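Please have the sequence and the coordinates at hand while reading.

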Amino acid sequence: MPVSASRPLCAALAGLAVLPVLAGCGITASSGDEGPAIQVYSARTYGAEKAYERFTQETGVRVEFLNGSDAELRERLEAEGADSPADVYLTVDAANLSLAAEQDLLQPVRSTELEQAVPASLRDPQDRWYGLAERARVIIYDEDQVTPDQLSTYAALSDPAWKGGLCMRTSTSPYTQSLVASLVAHGGEAGAREVIDGWMANDPQILANDTEIIRTVDAGGCTVGITNHYYVAREEAKDPDLGVGVFFPDQAGNGTHVNISGAGVTRSADDVPRATQFLEWLATTGQSQFVDGNFEYPVNRSVEPVEALVEMGEFRRDELNVGELRRHNATAVQILTDAGYR
Ligand SMILES: [Fe+2]
């Protein structure tokens, strides 16, 4: 059913087949209800509310959110087509942004400010999406059983020395798939298969989420694991005695695998200048507020990360364009399936 973008977002969405996410409409808006507003479809649920409020205070532009899963929001954008009230699609994992771009749900936005603020490897070569926060996929280790000099690369976790000691994330997680996609990009399909088969030969515990991996390693149930860095920072903030160390893999090779939270301006946006201004603001003035609440790295290298990340130390990042991860996703999933990695 066609909807008018000029109607308020909630009313417009109420006219569509309602997904569970819309119970009670699900829309949250920054302060006030006067003045111009942009509509953001967001699958990034980490708290950046302060950043959005500040954006409204500084620019007078309100930000209205519809939260949902990546797939739900892409489906909605597709169904709504040119009449979608959305101006911005905001999400985690570059593969989700690449997929939205492939489905022609995003439009190219040229912006000198974004080009300068966001490194080339963390934005779409065709300018349809931009990374706004960066996360590293790190090796974590039990400080009671392992010293960092025993660690080197993701591939080296296939060494039989780690048999029975590995904690890994499920194959359905985009984090696992994107890491394996990066191994395909660098080592080819055969190279990636060898790594995954090697991990599987070590009988890994495959756990539902990164926090569970950290807690299992802390309790000595695994000696090493692979998680996003910010989950460790979160757990450390709760428990300063957490006995889990962070190691940045592949420093002598391709660099540590990184991914992004990011956003693009939708194809249907009816306020492209304000939507672009929102992205520019998040990558510059609002960068700290956007990334700090979730202990993510600023994509903007002129902005300092929070203290907890400074303490984790400097590291060399994989400079593969994160958009490439989507290209290798299907191969990655096939490799995981074939290896019996569930
Ligand atoms: Fe996460």
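The model is predicted, so local features need pLDDT of at least 70 and side-chain atom pairs count only at pLDDT 80 or more, while totals for chains, interfaces and linings use all residues. Residues are numbered from 1 along each chain as its sequence is written, and side-chain values use heavy atoms, with hydrogens and water left out.

**Cavities**

A cavity is a set of points, on a 1 Å grid over the protein atoms alone, where a 1.4 Å probe fits but cannot get out; lining residues have an atom within 4 Å of a point. Grid points are joined across faces, edges and corners, and a volume is the space filled by probe spheres set on the points. Three cavities of 30 Å³ or more are counted. Helices (H or I, at least four residues) and strands (E, at least two) are DSSP runs, numbered from the N terminus. In the table, Ala, Val, Leu, Ile, Met, Phe, Trp, Tyr, Cys and Pro count as nonpolar, Asp, Glu, Lys and Arg as charged, and the others, Gly among them, as polar.

| Cavity | Volume | Lining by class |
|---|---|---|
| Largest cavity | about 60 Å³ | six nonpolar, one polar, two charged residues |
| Second largest cavity | about 40 Å³ | two nonpolar, four polar, two charged residues |

The lining of the largest cavity includes Arg-137, Met-168, Arg-169, Trp-199 and Tyr-341. At least two of its lining residues come from each of β6 (166-169) and α6 (174-201), and α6 gives the most, with four residues. Around the second largest cavity, the lining residues include Arg-135, Arg-137, Tyr-175, His-257 and Asn-259. Here β5 (130-142) and α6 are the elements that give two or more residues, and β5 gives the most, with three.

**Helix α4**

At the start of the helix, a side-chain oxygen of Asp-93 comes to within 2.9 Å of the backbone nitrogen of Ala-95. Just after α4, Asp-104 has a positive phi of about 60°.

**Asn-300**

Asn-300 sits in the loop between β11 (297-298) and α11 (307-312). Its relative accessible area is 9%, which makes Asn-300 buried. The side chains of Asn-300 and Ser-302 form a polar contact of 2.8 Å. Such a contact is a pair of N or O atoms within 3.5 Å; within protein, one must be able to donate a hydrogen and the other to accept it, and residues adjacent in sequence count only if both atoms are side-chain atoms. Leaving aside residues up to four places away in sequence, Asn-300 touches Ala-117, Ala-283, Thr-284 and Gln-287.

**Aromatic pairs**

Rings of Phe, Tyr and Trp (its six-membered ring) pair if their centres lie within 6.5 Å; planes under 30 degrees apart count as stacked, over 60 as edge-to-face and the rest as tilted. There are eight aromatic pairs. The pair of Tyr-52 and Phe-65 is tilted, because the ring centres are 4.5 Å apart and the planes are at 45°. Tyr-52 belongs to helix α2 (residues 49-59) and Phe-65 to strand β3 (residues 62-67), 13 residues apart. Tyr-52 is buried at 7% relative accessible area. The rings of Tyr-52 and Phe-278 are also tilted, with centres 5.9 Å apart and planes at 40°. Phe-278 lies in helix α9 (residues 272-283), so this pair ties together parts that are 226 residues apart in sequence. One aromatic cluster is formed by Tyr-52, Phe-55, Phe-65, Phe-278, Trp-281 and Phe-290.

Conventions:
On a 1 Å grid over the protein atoms alone, a cavity is a set of points where a 1.4 Å probe fits but cannot get out, and a pocket is an open set with protein on both sides within 12 Å along at least five of seven lines; lining residues have an atom within 4 Å of a point. Buried means under 20% relative accessible area, exposed over 50%, partly exposed in between (1.4 Å probe, protein chains only). Contact means heavy atoms within 4.5 Å.
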